[in-house]
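Here are some notes for a colleague who is coming to this structure for the first time. Please read them with the sequence and the model side by side.

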Amino acid sequence: MADDQRLWGYPEVAAHLGISVGATRSRKSRGRLPSPDDDSVPDRPRWKPSTFQNWRPVGRGFRSDRHRATRAVDAQAN
């Protein structure tokens, strides 16, 4: 396999996303990671680094829906 096609396991994906390995496993089990490029070994999925090149994690960034709801509740309280 070429160097640019080296496969990532949970530790590498976690490092790339800046989260723990446990959180990475949790995201995988909830379907919040891209499908593995290699799932031939049970419980050890592998991804190509290029799989994450343009992929954006679900739930990353500002949650405007939650922020507005909190503001509305605060405004009603005043």
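Is Phe 52 buried or exposed? At 2% relative accessibility, Phe 52 counts as buried, where buried means under 20% relative accessible area, exposed over 50% and partly exposed in between, with a 1.4 Å probe and protein chains only.

1. Basis of the notes. This is a predicted model, in which local features need pLDDT of at least 70 and side-chain atom pairs count only at pLDDT 80 or more, while totals for chains, interfaces and linings use all residues. Residues are numbered from 1 along each chain as its sequence is written, and side-chain values use heavy atoms, with hydrogens and water left out.

2. Overall make-up. The protein has three helices and zero strands, so that the order of elements from the N terminus on reads α-α-α; helices (H or I, at least four residues) and strands (E, at least two) are DSSP runs, numbered from the N terminus. Of the 78 residues in the protein, 19% are buried. The accessible surface comes to about 5,900 Å², and carbon and sulfur atoms account for 46% of that surface; the areas come from the Shrake-Rupley method with a 1.4 Å probe, and for residues only the protein chains shown count as cover. Among contacts (heavy atoms within 4.5 Å) between residues at least 6 apart in sequence, 43% join residues at least 24 apart.

3. Aromatic pairs. Rings of Phe, Tyr and Trp (its six-membered ring) pair if their centres lie within 6.5 Å, and planes under 30 degrees apart count as stacked, over 60 as edge-to-face and the rest as tilted. By this rule the count comes to four aromatic pairs. One of them joins Tyr 10 and Trp 47, which are edge-to-face at 5.8 Å centre to centre with 65° between the planes. Because Tyr 10 lies in helix H1 (residues 10-17) and Trp 47 in the loop between helix H2 (21-29) and helix H3 (64-77), this pair ties together parts that are 37 residues apart in sequence. Tyr 10 and Trp 47 are both buried.

4. A further pair and the cluster. The ring centres of Phe 52 and Trp 55 are 5.4 Å apart and their planes stand at 90°, so this pair is edge-to-face as well. Trp 55 is buried, with a relative accessible area of 18%. Trp 8, Tyr 10, Trp 47, Phe 52 and Trp 55 form one aromatic cluster.

5. The contact of H1 with H2. The axes of these helices come within 8 Å and cross at roughly 100°, where axes are lines fitted to C-alpha atoms, for helices over the stretch in contact, and angles run from 0 to 180 degrees between N-to-C directions. H1 and H2 are therefore roughly perpendicular to each other; angles under 35 degrees count as roughly parallel, over 145 as roughly antiparallel, 65 to 115 as roughly perpendicular and the rest as oblique. Tyr 10, Pro 11, Val 13, Ala 14 and Leu 17 in H1 meet Val 21, Thr 24, Arg 25, Arg 27 and Lys 28 in H2. These residues divide into six nonpolar, one polar and three charged, with Ala, Val, Leu, Ile, Met, Phe, Trp, Tyr, Cys and Pro counted as nonpolar, Asp, Glu, Lys and Arg as charged, and the others, Gly among them, as polar.

6. Tyr 10 and Thr 24. Tyr 10 has a relative accessible area of 9%, and, leaving aside its neighbours within four places in sequence, its contacts include Thr 24, Asp 43, Pro 45 and Trp 47. Thr 24, in helix H2, is buried with a relative accessible area of 0%.

7. A residue to look at in the loop. Asp 43 is found in the loop between H2 and H3, and Asp 43 has a positive phi of about 65° although it is not a glycine. At 70% relative accessibility, Asp 43 counts as exposed.
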